Amino acid sequence: MTTDVMGAVFSPRGRTLPVVTVVAAILVLWYLLAIALNWSQVEAKLSAGGTPPAVSDVVAGTWAMDRPVLPAPHQVIAEFWKTTVEVSPSSKRSLVYHAWITASATMLGFAFGVILGMLLAAGIVHVRTLDRSLMPWIIASQTVPILAIAPMIIVILGSIGMVGLVPKAIISMYLCFFPVTIGMVKGLRSPDPLQIDLMRTYSATAWQVFWKLRMPASVPFLFASMKVAIAISLVGTIVGELPTGASGGIGARLLTGSYYGQTIQIWSALLMAAILGSVLVYAMGGIERLTLRRMGSRA
Amino acid sequence: MPSDGGTRLLGVPAPAARHEVGTGVAGDVVIDIRNLSLTFETADTPVQALSDINLEVRAGEFVSLIGPSGCGKTTLMRIVADLEQPTGGQALVNGMTPAEARLKRAYGYVFQAPALYPWRNVLGNVTLPHEIFGLSKAEREEKAKRYLDLVGLTGFERKFPWQLSGGMQQRVSIARALSFDPQILLMDEPFGALDEITRDRMNEELLSIWHKTGKTVIFVTHSIDEAVLLSTRIVVMSARPGRIVEVIDSTLPPERSLETRESPAAVALAHRVREGLKAGHSYDD
Amino acid sequence: MKGRFAAFLPLGFIASMCIIFSFWLPLGVYDDDVVFWKQFPAAFITMLVGLLGLAVAPYPIVRLVALLIAAAALIPLPTAELQMGLSASGFWLALIGVALFAWTVMADFAAMRRNRWRDILIPLLFGLLLVYLWQAIVVGFAVPAVLLPTPTAIAAAIGNGAATLADDFRQTFLKAVLAGFFLGNLIGFATALLADRIPFVQRGLLPLGNFASAVPIIGIAPIMVMWFGFGWESKTAVIVFMIFFPMLVNALAGLNAADRISLDLMRSYGASYGQTLLKLRLPMALPFLFNALKINSTLALIGAIVAEFFGSPTAGMGFRISVEAARMSLDMVWATIAVAAVAGSAFYGILALLERAFTFWHPSYRAQN
């Protein structure tokens, strides 16, 4: 058993050791950078008494500031721990509370976006006029930085009384329908022409061809684009939370942290965002594996 | 029985007629393979791709390696080309190790697929090895044009690979392999992807190129007709483990055409090859 | 020719009926008087001409002209004094008719054989239709400008604020976006080359790259503003972080794209690492690199604008959006968005043209659908 593990970690094609090494290297660099960036402030503070401080004192100080330029990893983790585990999830100071607000808007927007994307894709594949007229605009829509006007959309919708979950979900929906549409169009068109011909010999209707051939063939494409979509949906939600009207969510935390100069708070919110993103994408990957296995894939 | 290092089941004497060769001294041993073995380590059991191969190839010969999939014919050629490393025995090319021979550009390799670069036109593809070897631009183009002429593709220099048919692409690939005048030509099922009619034409052209240039050719195929038509010697191989079953000297005259395939000598030769394949259990499983 | 239109006969028929019925319905209320088509004789005649053309013309081009005439007929109808909303049932019915006719004209073009004009004309027509409907609905239902301005108001704002918009464009695009795009792609590509040389680094970085794609990197914007100040440097830093990983992942995929046979061929020539890289692997990697460049062009613009929400000098597109949004002068906001959209599309378009020039040989360009 241990030999297997050792073999997996140290084998020439293994990935555990390189990843661990790279992460360790990043952490070391992070600590060193923290020393460099926080040095001047700490040195000034410690020299206030008149005597020049010892190097080790300054270094220790750079890793323990209240409002550092760059917080050390352990500071971020400590703050993270404090605001997740040590605080009740229903309090407004809990990162879990904020993460839940963001996550719910993300998932709602994602659901809307996937439905919209699938409907559009089905339309584009079956109606040639729609393909020729709408597709170029869909592609062009992504060069428009919609994310940049997300806060403005929140403000407008807020002025007519729509607040909370739905406006953010709408922004997320706009952002994530695109990869789903593109992926589904590719997927719905992916079956071999031979297969389509076979269906014609059975005189199958377009509806039957869609459900029996095109949809199953497009499942891998759907999941690939859904993983991209959920990550983008998260970004959209966070940016949508930036206007000061937002009362909760990770974006709001980032904003308040930046207004009050609470750098450690910003970093721990970022950590939560990273964890949230990875969990969502990983969960999507898990669903993908389950679905594909049930559909007979060998992976 | 004359001992020349080859493995023979029947004491058939070497054919009297030998082709005139343009370069090198006829009869010199160019490729010398002794006790060559290659064993792959896989997840379950080790696979013996090649087991104790002994073979001599002389200058100017056209040697075909024929056998079922997995008999090691491609692997054998790749070892000669220094694209694989053996686990036992040795192979010598012109008296050097395959690695040294590769760096001295002793051979040209033609793969199953044309392996042309789609972003270069035909001329650019044929001059590729020369660019790497560092020839001057004028020299490169002159040589390239000469060999394109040899394969019958003059006038196609500016075309791109996807504008040519499969057969034409393979001809460009052959021109590229010949363009730096290597002594040896290694060809791995070069016509396998072509239809039979194109294949026949390519075989004719290859024969004519071989006559004109006098290269030593090692040719991997799984077509008995092709092997019979083209070769001076046919090496029959078998799988599990990869080994040489029989080496057959061709009884056909040096001047050949597609009609030669229907001559009684050719039919008898093909029959012998088939028997050799059967003896190696190639038709089982 | 008749046969090609037969499939759309029902649709064209419905559209004609919509327009004809609208002649008996009110177009709105003016000073408590109900207004009808007959009070606008010029528009009425124009609409009839357009309708006739759409109904009988055999060639798609003629039908297109007739459509434009019919659409032009409706334009002068909504005036500032006319109260429309739901009372203008005639107007809306005629509008629906025009929209349905537009669809049939687009369908005619879509059914034509492939030619250069067709691929541009249809989406163009569709876009014009959307703008047309946008204007009609906003004016007809008197949507407050605070919620959604008309396209004409936005055009006016662009014209009036041209100098400001140009300044913003210079600040955001020419400084932050271009610098960040160049730097981020360069660092990403250089790292990919390093990882290619040292497989250990590649195996360590690639999983991290996939992890990073799930993380909203834009969240570092406030931190970058804190470190680099309000100027364009902080926005460049944000962009570099955002586009580093897409370039890294794509470049690595591209460098690994060369097939076995071609690599063997290079080996048989005794080619060095550098020669193999330059003559085989880099050309093979170009499609992947351009894919990354196109993705990054969008990310760079977004990164710069969003980063400006967290702090910027008194110029910049993100700055303009947040300031004008706070002042509720939305036409300026939309004008800035329009400029950003054009800039983003032009940037993407240039990259697409470069891609076509450098990767003309790739099968995806040769396959005609």
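**Note on the predicted model: chain A and its neighbours**

1. Helix H8 (residues 165-188) of chain A packs against helix H10 (residues 206-240) of chain A, with an angle of about 155° between them and their axes 7 Å apart. Because angles over 145 degrees count as roughly antiparallel, H8(A) is roughly antiparallel to H10(A). The crossing of H8(A) and H10(A) is right-handed. This is a predicted model, and the points below should be read with that in mind.

2. The secondary structure of chain A is made up of twelve helices and zero strands. Read from the N terminus on, the elements of chain A run α-α-α-α-α-α-α-α-α-α-α-α. Chain A has a radius of gyration of 25 Å, well over the 19 Å that the globule rule gives for 299 residues, so chain A is more spread out than a compact globule.

3. The extent of chain A can also be given as a box. Taken along the principal axes, the box filled by the C-alpha atoms of chain A is roughly 95 × 65 × 35 Å.

4. How is chain A divided into domains? The domain assignment gives domain 1 (2-70) and domain 2 (95-294). The centres of domain 1 of chain A and domain 2 of chain A, taken over C-alpha atoms, are separated by 37 Å. Both helices of the pair in point 1, H8 (residues 165-188) and H10 (residues 206-240) of chain A, fall within the bounds of domain 2 (95-294).

5. On burial, 38% of the 299 residues of chain A count as buried. On contacts, take those in chain A between residues at least 6 apart in sequence: 74% of them join residues at least 24 apart.

6. Which chains touch? Two pairs of chains do, and the pair with the most contacts is chains A and C. Chain A and chain B are joined by no contact, and their closest C-alpha atoms lie 14 Å apart.

7. Between chains B and C, 18 residues of chain B are in contact with 14 residues of chain C. On the side of chain B that touches chain C, the elements giving two or more residues are helix H2 (98-103) and helix H4 (128-133) of chain B. Of these, H4(B) supplies the largest share of that side, four residues.

Notes: Residues are numbered from 1 along each chain as its sequence is written. Chains are lettered from A and ligands numbered from 1 in the order in which they are written. This is a predicted model: local features need pLDDT of at least 70, side-chain atom pairs count only at pLDDT 80 or more; totals for chains, interfaces and linings use all residues. The radius of gyration is taken over C-alpha atoms; the globule rule is 2.2 Å times the number of residues to the power 0.38. A residue is buried if 20 or more other C-beta atoms lie within 10 Å of its own, exposed if 12 or fewer, and partly exposed in between; C-beta atoms are placed from the backbone. Two residues are in contact if their C-beta atoms, placed from the backbone, lie within 7 Å. Domain bounds come from an automatic or database domain assignment. Axes are lines fitted to C-alpha atoms, for helices over the stretch in contact, and angles run from 0 to 180 degrees between N-to-C directions. Angles under 35 degrees count as roughly parallel, over 145 as roughly antiparallel, 65 to 115 as roughly perpendicular and the rest as oblique. A crossing is left-handed if the near helix is turned anticlockwise from the far one by less than a right angle, and right-handed if clockwise.
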